[in-house]
Amino acid sequence: MSALSRIPNQEFDRNVTAADLDERFLLIGKLDGSLSAVYIKNGLQVFSVKISETEITAVCCEKHEEQEHEDNQVFYAGDISGNVFVTNKKGRILNKVHLLEGGISAIVNWSKFSIHVHTHTGSASFSDTSKEFRRQNFSSDSGDFSYDNDGTLYKSVSRGMFRVIRYNCGSPNRVIATVGIEFEETGNNCSEVFAYAIIDEEYKEMIDEGIAETTLAVFSKYIFRVLEFQSPVKQVMSCRHHEGRAKADEIFILLWNGNLLKVTSSLLEDPTVPDEALDLIPAIVHEEEEDYKGFSVFGKKICLYGNDGL
């Protein structure tokens, strides 16, 4: 089981709203619109700049860059107003775009200098992010889901009480709760892992009242497993498609009570493996409940953030 410790930088003791990791850097977004990066090895600051007038809601490190070209390292951030930023290692803004489709929930670095940007209503893709920042068409497919109070997930945004987005959960996100994990076959003997997450703030009222669902559905073409937990699931992350040494057959599950669990992906996605045979074990456990806003994992490094910072 992992032990938690703060990075030696008091700037991040509060108001952290987003965080991501790669091999060397910890990227941090804050309530005041600032974006910062520190070296994981010693906590020393790489840069800290104010890039927005509103809250940063999503950050992402460029994880597909080869070491010999690390001078081209870029970082991504999105804010609650729908702005997407690309910065270099000095914090200088290289590119910026505004999405009319709403605030940013997640940024997924799916290929070298290429990202998917998720809002509450769908997603947009960008390539050549360090230079021309080419945008493809906006798609509403990832935002066309909803959820009801009894745990029913709909493939329609209009049928359920709460809006749900679907995204590749190899990156951290800004969501209220996670209600499902989907394994989608890719043809290369390694399924891609997607999360279904509630984004409506109103759902938090159900969590606070103790009446929210505490289950997580697992499915491929159909639901074949429903896991029950002590509290609702906040966020999940898959390490299956991480780069280099960080690649692992693991999924991490953060509960609303602050406990972080992990399980082997290949066992979880196999319908023939019974629930009791899953190696679902604690990664971090708290004696008292902790109010985390989210987490990021890369290799053996885990970062959790909440009202008290990192």
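Mentor: Begin with a cut-off: a residue counts as buried when its relative accessible area is under 20%. Keep in mind that the model is predicted.

Trainee: With that cut-off, how many residues of strand S18 are buried?

Mentor: Strand S18 covers residues 215–219. On one side are Thr215, Ala217 and Phe219, and on the other are Leu216 and Val218, with both faces covered. In a regular strand the side chains alternate between the two faces of the sheet. The number of buried residues in S18 is 5 of 5.

Trainee: Which residue of S18 is the bridge partner of Ile181?

Mentor: Strand S16, residues 177–184, pairs with S18 in the parallel sense. The two strands are joined over 3 bridges. In S18, the partner of Ile181 is Val218.

Trainee: Next, the open sheet in the order S20-S21-S22-S23. Which strands stand at its edges?

Mentor: The sheet has 4 strands, and the pairing is antiparallel. Each edge strand has a single partner strand, so one side of each is left without a neighbour in the sheet. The edge strands are S20 (233–238) and S23 (281–284).

Trainee: Which residue in S21 is the bridge partner of Val236?

Mentor: S20 pairs with strand S21, residues 250–255, in the antiparallel sense. There are 5 bridges between these two strands. The partner of Val236 in S21 is Ile253.

Trainee: Turning to the cysteines, how many disulfides are there?

Mentor: A disulfide needs two cysteine sulfur atoms within 2.5 Å. For Cys61, the nearest cysteine sulfur is that of Cys60, 6.6 Å away. For Cys303, the nearest is that of Cys61, at 10 Å. The count of disulfides is 0.

Trainee: Is Cys61 buried or exposed, and is Cys303 buried or exposed?

Mentor: Cys61 has a relative accessibility of 0%, so Cys61 counts as buried. Cys303 has a relative accessible area of 7%, so Cys303 is also buried.

Trainee: How many degrees lie between the planes of the aromatic pair Phe25 and Tyr39?

Mentor: A search of the whole structure gives 9 aromatic pairs. In this one, Phe25 belongs to strand S2 (residues 25–30) and Tyr39 to strand S3 (residues 34–39), 14 residues apart. The ring centres are 5.6 Å apart, and the pair is tilted, with an angle between the planes of 35 degrees.

Trainee: Which residues do ring pairs link into a cluster with Phe25?

Mentor: Phe25 is buried because its relative accessibility is 2%. Tyr39, with a relative accessible area of 27%, is partly exposed. Ring pairs link Phe25 into a cluster with Tyr39, Phe47 and Phe75.

Trainee: At what distance from the ring centre of Phe194 is Arg166?

Mentor: To count as sitting over a ring, CZ of Arg must be within 6 Å of the ring centre and within 35 degrees of the ring normal. Arg166 lies over the face of Phe194, and the distance from the ring centre is 3.7 Å.

Note on methods
Residues are numbered from 1 along each chain as its sequence is written. This is a predicted model: local features need pLDDT of at least 70, side-chain atom pairs count only at pLDDT 80 or more; totals for chains, interfaces and linings use all residues. Side-chain values use heavy atoms; hydrogens and water are left out. Two strands pair if DSSP finds at least two bridges between them. Buried means under 20% relative accessible area, exposed over 50%, partly exposed in between (1.4 Å probe, protein chains only). Rings of Phe, Tyr and Trp (its six-membered ring) pair if their centres lie within 6.5 Å; planes under 30 degrees apart count as stacked, over 60 as edge-to-face and the rest as tilted.
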